Amino acid sequence: MLFGYKPSKIEVDSVMSSINPNTSGILLEGFLNTVRKKKEAQRYQNEVRHIFTAFDTYYRGFLTLEDFKKAFRQVAPKLPERTVLEVFREVDRDSDGHVSFRDFEYALNYGQKEA
């Protein structure tokens, strides 16, 4: 909790299970690596949230096609509107006409695990 994050029991168990049972704890280097990874993931999550909020100018908690068009006009003005529509349809996984934060996050993370 000193680092602004309280690990769950599962996370603690995971870290502790990797420790040699013949020792009395975890090495500082191992602890710092674990904390560093968690902080990096948290920073990335904050960046994704920031991007989503920049698109969600009305703070509705979801994005519409119009939100996408407006954002893409600002960042990629020469991108054909048809491409923006295709991207929106791809990101809107349940085809409800709204892109939730989860949909958005999934789209940004797509393919990251394999890399």
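Me: Which residues of α5 are buried?
Reply: In α5, the buried residues are Phe101, Asp103, Phe104 and Glu105. These buried residues pack against α2, β1, α4 and β2. This is a predicted model, in which local features need pLDDT of at least 70 and side-chain atom pairs count only at pLDDT 80 or more, while totals for chains, interfaces and linings use all residues. Residues are numbered from 1 along each chain as its sequence is written, and side-chain values use heavy atoms, with hydrogens and water left out.

Me: What makes a stretch a helix or a strand here?
Reply: Both are DSSP runs, numbered from the N terminus: a helix is a run of H or I with at least four residues, and a strand is a run of E with at least two.

Me: Why is Asp103 called buried?
Reply: Buried means under 20% relative accessible area, exposed means over 50%, and partly exposed is in between (1.4 Å probe, protein chains only). Asp103 has a relative accessible area of 7%, so the residue counts as buried.

Me: How do you know that Arg93 and Asp103 form a salt bridge?
Reply: For a salt bridge, a side-chain nitrogen of Lys or Arg must be within 4 Å of a carboxyl oxygen of Asp or Glu. Between Arg93 and Asp103, the N to O distance is 3.4 Å, and the pair passes that test. Arg93 sits in the loop between α4 and β2 (99-100) and Asp103 in helix α5 (residues 101-109), so the bridge ties together parts ten residues apart in sequence.

Me: How many salt bridges does the structure hold?
Reply: There are five. One of them joins the side chains of Lys69 and Glu81, at 3.0 Å from N to O. Lys69 belongs to helix α3 (residues 65-75) and Glu81 to helix α4 (residues 81-91), so this bridge ties together parts twelve residues apart in sequence. A network of salt bridges links Glu66, Lys69 and Glu81.

Me: Is Lys69 buried or exposed?
Reply: Lys69 is buried, because its relative accessible area is 16%. The buried residues of α3 also include Asp67 and Ala71. What covers the buried residues of α3 includes α2, β1 (62-63), α4 and β2.

Me: Where do Glu86 and Arg82 lie?
Reply: Both are in helix α4, four residues apart, which is about one turn of the helix. An α-helix has 3.6 residues a turn, so residues three or four places apart point the same way. Glu86 and Arg82 form a salt bridge, with their closest N and O atoms 3.4 Å apart. Arg82 is called exposed because its relative accessible area is 63%, while Glu86, at 42%, is called partly exposed.

Me: What is the nearest side chain of opposite charge to Asp92, which is buried yet has no salt bridge?
Reply: That side chain is Arg93, 8.0 Å away. In this count Lys and Arg are positive, Asp and Glu are negative, and His and the chain ends are not counted. Asp92 lies in the loop between α4 and β2. Leaving aside neighbours within four places in sequence, Asp92 is in contact (heavy atoms within 4.5 Å) with Gly97, His98, Val99 and Asp103.

Me: How many aromatic pairs are there?
Reply: The structure holds seven. In the pair Phe52 and Phe101, the ring centres are 5.5 Å apart and the planes stand at 85°, so the pair is edge-to-face. The rule is that rings of Phe, Tyr and Trp (its six-membered ring) pair if their centres lie within 6.5 Å, with planes under 30 degrees apart counted as stacked, over 60 as edge-to-face and the rest as tilted. Phe52 in helix α2 and Phe101 in helix α5 are 49 residues apart, and their pairing links distant parts of the chain. Phe52 and Phe101 are both buried.

Me: What makes Phe55 and Phe72 an edge-to-face pair?
Reply: Their centres are 6.4 Å apart and their planes are at 85°, which meets both cut-offs. Phe55 is in helix α2 and Phe72 in helix α3, so this pair ties together parts 17 residues apart in sequence. Phe55 is buried, with a relative accessible area of 17%, and Phe72 is buried at 18%. One aromatic cluster is formed by Phe52, Phe55, Phe68, Phe72, Phe88, Phe101 and Phe104.
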